[in-house]
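I opened my notebook beside the viewer and jotted down what I looked up, one topic at a time. Have the model open too, and follow along.

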Amino acid sequence: MFDLSSVDLLDAFTRELRLCKLQPDEHVVVLSEPSSRGDYVAAAFGAAKACGAHVIAATVPGGNPSPADSTRTGAGPGLSAVLRDTTAQDLLKSADLVVDLTREGFIHAPLQQDILRTGTRILFVCDAPDVLVRNLPKPEDKDEVLAGVELLRRASTMRVTSEAGTDLTVELAGAQPEFQVGFADDPGRWDHWPSTMVLCWPRRSEGRIVLAEGDILLPFKEYVRGPVSLDVADGDIVKVSGGADARLLEQFFADADDQWARSLSHMGWGLMRTADWFATALYGKDELMGMDARAFAGNFLWSTGPHPVLDRESYAHLDIAMRGCTVRVDDRAVVTDGRLAEI
Ligand code: FE
């Protein structure tokens, strides 16, 4: 018996931790829960050692009993075990780098900000091995996403249009542009491997978003099967029309019982040229979080629910990835008909 895939994983994690600028004698905590991938824990542990760092593998009780269909959505609060355990929190705060291999991460939990404020950097990893390897970031990706952030910072309006009928105008004042680049190299930085995207948190947006066949609904990990029209007024979805997918979204908003479920959250565009739009069709749902869809180069990604800039804590989080849009930042097109422009 042999397992050569573990060799590839160790190599990929080692390259990834080097992108995170992991230095000898830094302290790494590999955070997992019982349903985390054991091969990832081993690979992250070995990679940290290969970089000459100190490493601790910490396993906390899982967020949900297994099997846990509702996990890997990226929408949840993270593990309640950590949210309630100050010893676990202190461990994470004392680390230089946390490799978060839990199934949900703490993406939308305020606790994550507390940990980051101590200077700890966090790398979240949840997709399938070949998704990680195919989308292994490059150092120069950071220049590209930073250029996008700078563009948003200097602009006043983002306008998104599509042949399907989307016409959304987004106010950029105070929208706090950000990026994901797939590695966490600066102190206090959270990032997600894999990802390459530019995003912001608009305070106001107006118009209409029209989903077309083949767009991707997350966390459901489903393709849109027929057009859905969403009317947006002052940042809120005020009307949803269309067929089965429209009813699904309406039901999601209603079931969420959350005052921010219909409010727009982050939005931006993907720059991950290695992403595969068909990953959603080709993998089991529990193998993926769906970063191929979220970061696909030339997509328009928008979302609902949590909005830290407006102090909205919410777990009713949809991410919707659209193809074929044109995204203009003031007069500059960053995406034209779903194709990434050079900026
Ligand atoms: Fe999101």
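The entries below go from the metal site to the pockets, the cysteines and the backbone.

**Ground rules**

I am working with a predicted model, where local features need pLDDT of at least 70, side-chain atom pairs count only at pLDDT 80 or more, and totals for chains, interfaces and linings use all residues. I number residues from 1 along each chain as its sequence is written, and side-chain values use heavy atoms, with hydrogens and water left out.

**Entry 1: the iron ion**

Which protein atoms are the donors of the iron ion? I found His266 (NE2), His317 (NE2), Asp319 (OD) and Asp319 (OD), lying 2.1 to 2.6 Å from the metal. A donor here is an N, O or S atom within 2.8 Å of the metal (3.2 Å for Na, K and Ca); water is not among the atoms, so sites may look incomplete.

I then looked up the angles among the 4 donor atoms, which run from 52 to 133°, and the site is irregular. For my own reference, four donors count as tetrahedral if all angles lie between 85 and 135 degrees; four count as square planar and six as octahedral if opposite donors are over 155 degrees apart and all others between 65 and 115; anything else is irregular. I also noted that ideal angles are 109.5 degrees for four tetrahedral donors.

Along the sequence, the donor residues follow the spacing H-x50-H-x1-D. His266 sits in strand S15 (residues 264-270) and Asp319 in strand S17 (residues 319-322), so this pair ties together parts that are 53 residues apart in sequence. Helices (H or I, at least four residues) and strands (E, at least two) are DSSP runs, numbered from the N terminus.

Are His266 and Asp319 buried or exposed? I find both of them buried. Buried means under 20% relative accessible area, exposed over 50%, and partly exposed in between (1.4 Å probe, protein chains only).

**Entry 2: the largest pocket**

I looked for open space next, and the largest pocket holds about 880 Å³. Of the 36 residues that line this pocket, the closest to its centre are Ile107, Gln113, Glu178, Trp201 and Pro308. A pocket is an open set of points on a 1 Å grid over the protein atoms alone, with protein on both sides within 12 Å along at least five of seven lines; a cavity is a set where a 1.4 Å probe fits but cannot get out; lining residues have an atom within 4 Å of a point. Grid points are joined across faces, edges and corners, and a volume is the space filled by probe spheres set on the points.

Which element gives the largest share of the lining of the largest pocket? I find H5, with 4 residues. Elements that each supply at least two residues include helix H5 (110-117), helix H7 (141-154) and strand S7 (178-180). By class I noted 16 nonpolar, 12 polar and 8 charged residues in this lining. Ala, Val, Leu, Ile, Met, Phe, Trp, Tyr, Cys and Pro count as nonpolar, Asp, Glu, Lys and Arg as charged, and the others, Gly among them, as polar.

**Entry 3: the second largest cavity**

The structure has 2 cavities of 30 Å³ or more. I looked at the second largest cavity, with about 40 Å³ of space. Leu31, Leu92, Val98, Asp100, Phe106, Ile115 and Ile122 line this cavity, and they divide into 6 nonpolar, no polar and 1 charged.

**Entry 4: cysteines**

How many disulfides does the structure hold? I count 0, taking a disulfide as a pair of cysteine sulfur atoms within 2.5 Å. The closest cysteine sulfur to that of Cys20 is in Cys51, 9.2 Å away and too far for a bond. For Cys325 the closest is in Cys200, at 14 Å, again too far for a bond. Cys20 is buried at 0% relative accessible area, and Cys325 is buried at 0% too.

**Entry 5: backbone notes**

Most residues other than glycine have a negative phi, and most peptide bonds are trans, so I looked for exceptions. Trp193 and Pro194 are joined by a cis peptide bond, omega about 0°, and Pro194 lies in the loop between S8 and S9. Leu218 to Pro219 is also cis, with omega near 15°.

Asp25 is not a glycine, yet its phi is positive at about 75°; Asp25 counts as exposed at 53% relative accessibility. Asp257 has a positive phi near 50°, lies in the loop between H8 and S15, and is exposed at 72%.
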